[in-house]
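Please study the sequence and the structure before reading each solution.

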Amino acid sequence: MRLLLPLMLYCSAMLTGCGYFGYYKYPKSVWASPAEVSKVDFPDSHEGAVQLTGAMLKAIDVAMNDFLPPGTNPEREKDPVLRCLEQRETYHATVKQVREDLFFVSFFADLSQCAPGALVLDAGADYLIDGRWRILGRR
């Protein structure tokens, strides 16, 4: 009985300490209400769509997680331009599969929606991602 209390305290301290060891919980996707969904129809075809391979999507994901890591909080920024630059939806991406195991990913900012008229000279990045999903370079 004497050992049970210290053991329980130790276990509870270790469980609450997961946040200190890099555990990160990603937010779940939000679904629209049924009323909103009923106003939208799926398109009949994919004509005009852009097709990305799974490998391209993975390369973009690896690069974006380095460029703007999950958990970035734009709301804490007071400057509207900086707040805009910390939002993932501000950026457009291009991906080029150079070889079977090499991808060139580029991000560039479109400030027209959140900071119109703002002039930012260097808002983006270029990445080289290999087929093992490692970053080979960034500029």
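A residue is called buried when its relative accessible area is under 20%, exposed when it is over 50%, and partly exposed in between. The model examined here is predicted.

**Exercise 1.** Determine how Phe67 and Tyr91 are arranged, and whether each is buried or exposed.

Solution. The whole structure contains 4 aromatic pairs. In one of them, Phe67 and Tyr91 lie 5.0 Å apart, centre to centre, with 90 degrees between the planes, an edge-to-face arrangement. This pair links distant parts of the chain, since Phe67 belongs to helix α3 and Tyr91 to strand β1, 24 residues apart. Phe67 has a relative accessible area of 14% and is therefore buried; Tyr91, at 12%, is buried as well.

**Exercise 2.** Classify the pair formed by the rings of Phe107 and Tyr127.

Solution. The ring centres of Phe107 and Tyr127 are 6.1 Å apart and the planes stand at 75 degrees, so the pair is edge-to-face. Phe107 lies in strand β2 and Tyr127 in strand β3, 20 residues apart. Both Phe107 and Tyr127 are buried. Ring pairs join Phe67, Tyr91, Phe107 and Tyr127 into a cluster.

**Exercise 3.** Which residue forms a salt bridge with Asp66, and where does that residue lie?

Solution. The structure has 4 salt bridges. In one of them, the side chain of Asp66 meets that of Arg138 at 3.3 Å, N to O. Asp66 is in helix α3 and Arg138 in strand β4, 72 residues apart. With a relative accessible area of 34%, Asp66 is partly exposed; Arg138, at 47%, is also partly exposed.

Conventions. Residues are numbered from 1 along each chain as its sequence is written. This is a predicted model: local features need pLDDT of at least 70, side-chain atom pairs count only at pLDDT 80 or more; totals for chains, interfaces and linings use all residues. Side-chain values use heavy atoms; hydrogens and water are left out. Rings of Phe, Tyr and Trp (its six-membered ring) pair if their centres lie within 6.5 Å; planes under 30 degrees apart count as stacked, over 60 as edge-to-face and the rest as tilted. Helices (H or I, at least four residues) and strands (E, at least two) are DSSP runs, numbered from the N terminus. Buried means under 20% relative accessible area, exposed over 50%, partly exposed in between (1.4 Å probe, protein chains only).
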